Amino acid sequence: MCTVLRHRLPATLAVLALLVSAGCGVADEPADEPASAESAAVGEPWYDEITSADADGAAGGADGPCPLPVTFPVAEGWQAETIEVDPTTAEDPELAAEMAAIMTLRGGATVRCEVGRGPGGGFLRVWTTEQGVTPRAALDAFLADTSLEQATEAQFRDLTVDDLTGVEATWVSQNSLDEVNRGWGAAVSANGQALLFVTNESVFTDHSDMLPVYRLAVQGVRTAG
């Protein structure tokens with residue numbers, strides 16, 4: 001019996017959990033639309049009229065859930081957990097490593113944290129890049145990666161939160177099951193690397209479920225320390 005995550009397995013990594021335990025084009029637009037109350041975009045695609053959820057705890061930093069160079073608030077009823085995948089303990093480490101790469105790597109970014117509330121509830125993921133990658137470059141590469149889904153109709157706008165600057169994007173995604181969802185993501189620069197906060201809806205959720213959690217985290221992100 002092997003442990004693949006520190007606490008629990010995120011919903012989208014369930015396939016990898018079974019594997020380990022059993023052995024087994026983006027439309028580019030300039031970021032020239034600042035995200036601010038004065039330029040709130042009501043309705044699709046940004047839904048700025050949807051406000052942040054209430055906070056109940058925080059994640060990130062050196063000592064909290066999901067060690068990161070930033071901290072961010074976690075919505076009431078949701079939990080943040082570190083994603084740790086160890087395919088070397090599987091009966092077929094090579095196959096497990098391939099599955100892990102597909103599910104935890106995207107566009108040069110590595111998933112570090114998941115904020116969720118249980119099976120089927122959708123989740124918010126935090127990804128990090130290598131040093132020296134700008135927020136816009138990180139989002140561009142993330143959306144250009146088609147290993148799990150095809151992202152189209154991407155729109156971008158500048159983002160400033162406290163002392164952090166970056167970019168926010170929204171797009172339409174379609175996966176191999178032909179499920180179509182709208183996604184949102186924000187990338188900021190901290191400690192010389194880009195951090196991406198990305199929504200992942202499930203078939204049981206929509207933007208009214210995920211956006212309050214996403215908005216809380218992004219609007220409350222702060223440099224750790």
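Cysteine 66 and cysteine 113 are both buried in this predicted model. Buried here means under 20% relative accessible area. Now look at their sulfur atoms: they sit 2.1 Å apart, and the two cysteines form a disulfide. A disulfide is a covalent bond between the sulfur atoms of two cysteines. Searching the whole structure turns up one disulfide.

So where in the chain do you find the two partners? Cysteine 66 lies in the loop between strand S1 (55-61) and strand S2 (68-75), while cysteine 113 belongs to strand S5 (residues 109-116). With 47 residues separating them, the pair links distant parts of the chain. If you look along the S-S bond, you'll find 70° about it, and the link of cysteine 66 and cysteine 113 is right-handed.

Let's stay with S5 for a while. This strand is mostly covered, with six of its eight residues buried. Which strands pair with S5? One of them is strand S3 (residues 79-82), which pairs with S5 in the antiparallel sense over four bridges.

Leucine 105 stands opposite threonine 110 in S5. S4 and S5 make a hairpin with two residues between the strands, and in that hairpin glycine 107 takes a positive phi near 60°.

Then there's strand S6 (residues 123-131), which runs antiparallel to S5 and is joined to S5 by six bridges.

Technical notes:
Residues numbered from 1 in each chain as written. Predicted model: local features only at pLDDT ≥ 70, side-chain atom pairs only at ≥ 80, totals over all residues. Heavy atoms only, no water. Disulfide = S-S within 2.5 Å. Buried < 20%, exposed > 50% of the residue type's maximum accessible area, 1.4 Å probe, protein only. Pairing = 2+ DSSP bridges.
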